[in-house]
Protein chains: 2
Amino acid sequence: MGTAERKEREKEQRRLSIIEAAEKVFLSNGFDNTTMDEIADVAELSKGTLYLYFKSKEELFLEIVKKGSQILNSYFKKAVEKEKNGLDKVKAIGEAFIKFYNKHKEYHEAMMFDHSRLHNFESKDVKAKCVGKDSEGDTIFVDVINEGIADGSIRKDIDPVKTSLLLWGQTMGVLQLIQMRGKSLEVECKTKPEDLMSYFFEYTGHALKA
Amino acid sequence: MGTAERKEREKEQRRLSIIEAAEKVFLSNGFDNTTMDEIADVAELSKGTLYLYFKSKEELFLEIVKKGSQILNSYFKKAVEKEKNGLDKVKAIGEAFIKFYNKHKEYHEAMMFDHSRLHNFESKDVKAKCVGKDSEGDTIFVDVINEGIADGSIRKDIDPVKTSLLLWGQTMGVLQLIQMRGKSLEVECKTKPEDLMSYFFEYTGHALKA
DNA sequence: TCGTTTACTGACTACTGGTCATTTCTTAAC
DNA sequence: GTTAAGAAATGACCAGTAGTCAGTAAACGA
């Protein structure tokens with residue numbers, strides 16, 4: 001009989017509905033201003049039940065980070081398809097990042113938060129990506145750089161792995177700077193976030209091109 | 001009579017001793033794992049007293065961040081003195097950052113934490129620095145880049161202000177990546193943190209040099 | 001129908017940032 | 001030396017919240 005299977009499905013369904021509820025609350029209120037009781041309310045369950053499905057508040061939060069990084073990843077894949085040479089693909093990835101940042105600011109914020117606070121946790125998707133691998137084991141960044149070296153659009157004396165690490169770190173850093181100093185940038189430096197970003201692309205292009 | 005002055009001094013002294021106690025606890029346990037009671041214990045005062053001198057736990061924490069960024073600043077100043085041309089000074093600043101990171105990991109961590117979590121607070125020293133100004137109003141980064149352009153060591157078509165913002169953001173980002181992925185870097189990418197950093201310098205040199 | 005397993009509940013605990021009425025100490029005038 | 005006013009410090013207390021667990025309800029199989 002399919003009872004066991006049905007139960008399995010229902011359990012998974014419940015799990016997903018908790019994540020959905022958590023997503024709503026976390027993304028609109030942030031980690032610190034979200035209570036487990038609130039999530040339980042939205043999920044129409046008691047707090048205790050949440051702990052049957054997730055070990056802790058942080059673990060539940062990580063599910064949202066994971067979703068965000070999956071979305072980001074799909075942006076990357078789409079961006080790469082359109083371009084012909086390696087260097088353009090690198091730029092397209094950068095632009096995809098910005099697009100993601102603009103369309104999903106809440107996800108981005110959650111991912112940043114995770115990045116800087118929840119060290120102790122394992123989030124394969126996010127962790128792996130900055131290392132050049134996404135959740136499916138692809139090495140988008142490294143591949144694209146290698147492609148660029150092969151097709152002559154990227155200079156030959158760079159190290160693909162190190163460079164992909166660098167680009168990831170740099171992009172995160174610059175975005176973080178923009179996110180936090182947005183207003184003071186304009187006031188104190190007369191620099192619009194978009195301008196700084198496109199300057200960053202230009203700079204990176206210059207650093208990589210053959 | 002000097003009573004008032006003496007009281008003033010004593011008050012300042014108390015303030016400093018609270019900061020000192022807070023520093024010990026924050027730097028060894030981190031923000032989240034530190035309680036105000038613990039700080040009060042170390043300072044040999046009651047918790048209530050802490051709140052006579054500091055508005056909140058976060059404000060007290062910011063004092064530590066401030067100290068860190070003052071130390072960092074002194075590293076920068078020293079680094080710049082030694083070098084002759086602009087590009088070398090930029091590199092020296094980068095190396096100073098690493099030196100600071102290695103010698104004062106706990107401060108660096110505190111500063112990172114502040115950066116990513118305590119948005120709402122004003123920490124002039126830190127905030128201003130990434131914008132090219134330190135607490136005394138100097139614009140070390142921008143100055144150094146301008147110097148490099150003038151002496152011909154840095155290419156003329158870069159924007160000093162935007163570039164200094166970029167370099168700051170990038171450096172923070174790369175360091176953050178190293179700090180968080182230290183072990184997995186070596187395992188998954190066969191890349192030592194130091195190697196990645198020196199590669200970063202090389203890369204930056206290439207991007208800036210005339 | 002009934003015993004058993006599974007899912008769920010919500011009152012409870014432990015902890016902690018922040019408050020404030022009360023106590024203790026200091027000072028200066030008499 | 002005494003005392004009253006003011007300053008400094010205290011710690012019991014409050015409110016909020018992550019996480020627990022004994023107990024209840026529902027689903028199931030016999």
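I began with helix α9 (residues 160-189) of chain A and helix α10 (residues 193-208) of chain B, which pack at an angle of about 80° with axes 10 Å apart in this predicted model. Axes are lines fitted to C-alpha atoms, for helices over the stretch in contact, and angles run from 0 to 180 degrees between N-to-C directions. Helices here are DSSP runs (H or I, at least four residues). I note α9(A) and α10(B) as roughly perpendicular (65 to 115 degrees).

Next I looked up the contact (heavy atoms within 4.5 Å). From α9(A) it includes A:Leu165, A:Leu166 and A:Gln170; from α10(B), B:Tyr199 and B:Phe200 are among the residues. By class, this contact of α9(A) with α10(B) has 7 nonpolar, 2 polar and 2 charged residues.

Then I turned to DNA strand D. I found 20 residues around DNA strand D, with A:Arg6, A:Lys47, B:Arg14, B:Thr49 and B:Tyr53 the closest. Near means a heavy atom within 4 Å.

I checked phosphate oxygens of DNA strand D. One is 2.9 Å from a side-chain N or O atom of A:Tyr51. For B:Tyr53, the side-chain distance is 2.8 Å. A:Lys57 uses a backbone N or O atom, at 2.9 Å.

Which element gives the most to the surface near DNA strand D? I found α3(B), with 4 residues.

For the record, this is a predicted model: local features need pLDDT of at least 70, side-chain atom pairs count only at pLDDT 80 or more, and totals for chains, interfaces and linings use all residues. Residues are numbered from 1 along each chain as its sequence is written, chains are lettered from A and ligands numbered from 1 in the order written, and side-chain values use heavy atoms, leaving out hydrogens and water.

Note on methods. Helix = DSSP H or I, 4+ residues; strand = E, 2+ residues; numbered from the N terminus. Parallel < 35°, antiparallel > 145°, perpendicular 65-115°, else oblique. Nonpolar A, V, L, I, M, F, W, Y, C, P; charged D, E, K, R; others polar. Polar contact = N/O pair within 3.5 Å; in protein donor to acceptor, adjacent residues only side chain to side chain.
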